Amino acid sequence: MANPLRGEVFRLYKNLLYLGREYPKGAAYFRERLKSAFMKNKDETDPEKIRALVAKGDFVIHELQALYYLRKYRAMKKRYYEE
Amino acid sequence: MSGRVLVGVKRVIDYAVKIRVKPDHSGVVTDGVKHSMNPFCEIAVEEAVKLKEKKLMKEVVVVSCGPQQSQETIRTALAMGADRGIHVEVSGKDYETLGPLQVSKILAALAKKEDAQLIILGKQAIDDDCNQTGQMTAALLDWPQGTFASEVSLEKDGIKVVREIDGGLETIKISTPAVLTADLRLNTPRYATLPNIMKAKKKKIANVKPADLGVDLTSRLEVLRVDEPPQRQAGMKVETVDDLVSKLKDAGKV
């Protein structure tokens, strides 16, 4: 792994792992898939490709936050507001 | 307008957890169960932080009443952008009987002590569904209240609040200082990501005891029994519309 990007990748992994704790299908399920997704690309050395993958990871972070928000919003709406 | 916002947050059982009633029907199982910030409190924190970001308020102070674990909830609020926290330590029997009356007395005392211009709370907690703390706090302080707020705008001569009520929306203007309670559509709370949580570790959380604020925690309520809601009856499948009509007639619905 290119050295300066090593920190980026680790940071991304930690952030995703933290977010995964709330995953609807369970934190263990999430962690397995997260680890295999990262392991699949572990031999990547091209900094451009690594940056693109990290950007994809950031996108996944946003998707997860949106998922969690919508899930919570819909649950509250269903519980407290007459349809 | 510049001033201090006091936001109250409550640590409740996570909304997605399946609640189980204790075998002795004295309450709900809380040991080892996932807890998080009350969803309406998240919306309250977000609103306060937004006001600070718009430079309409100077400081956001977040308060939570409860045992040691309430500090986690305060940390989440700090990660969302609050400036400092106050943990009012209540544990054991006192915590079991802690309700809106006691919390509103605590908040009123803190509002005076911290010289707050605005108090924002969630409209209700998802565990007890009281929907009383905001209203009681306003009454104790003799401040106006904007409850079920789905839109808040600070203006020169007061606060304009659009409230979600049964008939639709009601727009009122109240003077400051005031108490607001947040409804679902007020805003979209930001997520407290790991980097924000790390940064928030530097922010201070003060520890206060209810006695220091001169608040008496005795409860005037006694929980007699807690039961699960009745089980849903199994549905029945019918073959034809005539079958359906005859079944409905039998049940006396038609």
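1. A disulfide is a pair of cysteine sulfur atoms within 2.5 Å. The model discussed here is predicted, and a search of the whole structure turns up zero disulfides over all chains. B:Cys65 is in no disulfide, since the nearest cysteine sulfur, that of B:Cys41, lies 11 Å away. B:Cys130 is likewise in no disulfide; for this residue the nearest cysteine sulfur is that of B:Cys41, at 12 Å.

2. Are these two cysteines, B:Cys65 and B:Cys130, buried or partly exposed? B:Cys65 has a relative accessible area of 12% and is buried, because buried means under 20%. B:Cys130 has 27% relative accessibility and counts as partly exposed.

3. Strand β6 of chain B covers residues 118-122. Five of its five residues are buried, so the strand is largely enclosed by the rest of the structure. In a regular strand the side chains alternate between the two faces of the sheet. In β6(B), one side carries B:Leu118, B:Ile120 and B:Gly122, and the other carries B:Ile119 and B:Leu121. Every one of these residues is buried, and both faces of the strand are covered.

4. Which strands pair with β6(B)? One is strand β1 of chain B, residues 4-8, which runs parallel to β6(B) and is joined to it by three bridges. Here B:Val5 stands opposite B:Leu118. Another is strand β10 of chain B, residues 178-182, paired with β6(B) in the parallel sense over five bridges. In this pairing B:Ile120 is set opposite B:Leu180.

5. Strand β10(B) also pairs with strand β7 of chain B, residues 145-155, in the parallel sense, over three bridges. The bridge partner of B:Ala149 in β10(B) is B:Ala182. β10(B) is therefore paired with both β6(B) and β7(B), given that two strands pair if DSSP finds at least two bridges between them.

6. The pairing of β7(B) with strand β8 of chain B, residues 158-165, is antiparallel and has six bridges. A hairpin connects β7(B) to β8(B) through two residues.

7. On the surface, B:Val238, B:Leu244, B:Leu248 and B:Val254 make up a nonpolar patch. Together they have about 310 Å² of accessible area. One of them, B:Leu248, sits in helix α7 of chain B, residues 241-250. B:Leu248 counts as partly exposed because its relative accessibility is 33%.

Key
Residues are numbered from 1 along each chain as its sequence is written. Chains are lettered from A and ligands numbered from 1 in the order in which they are written. This is a predicted model: local features need pLDDT of at least 70, side-chain atom pairs count only at pLDDT 80 or more; totals for chains, interfaces and linings use all residues. Side-chain values use heavy atoms; hydrogens and water are left out. Patches are made of residues with over 30% relative accessible area and no salt bridge: like charges are joined within 9 Å, nonpolar side chains (Val, Leu, Ile, Met, Phe, Trp, Tyr) within 5 Å. Accessible areas come from the Shrake-Rupley method with a 1.4 Å probe; for residues, only the protein chains shown count as cover. A salt bridge is a side-chain nitrogen of Lys or Arg within 4 Å of a carboxyl oxygen of Asp or Glu. Helices (H or I, at least four residues) and strands (E, at least two) are DSSP runs, numbered from the N terminus. Buried means under 20% relative accessible area, exposed over 50%, partly exposed in between (1.4 Å probe, protein chains only).
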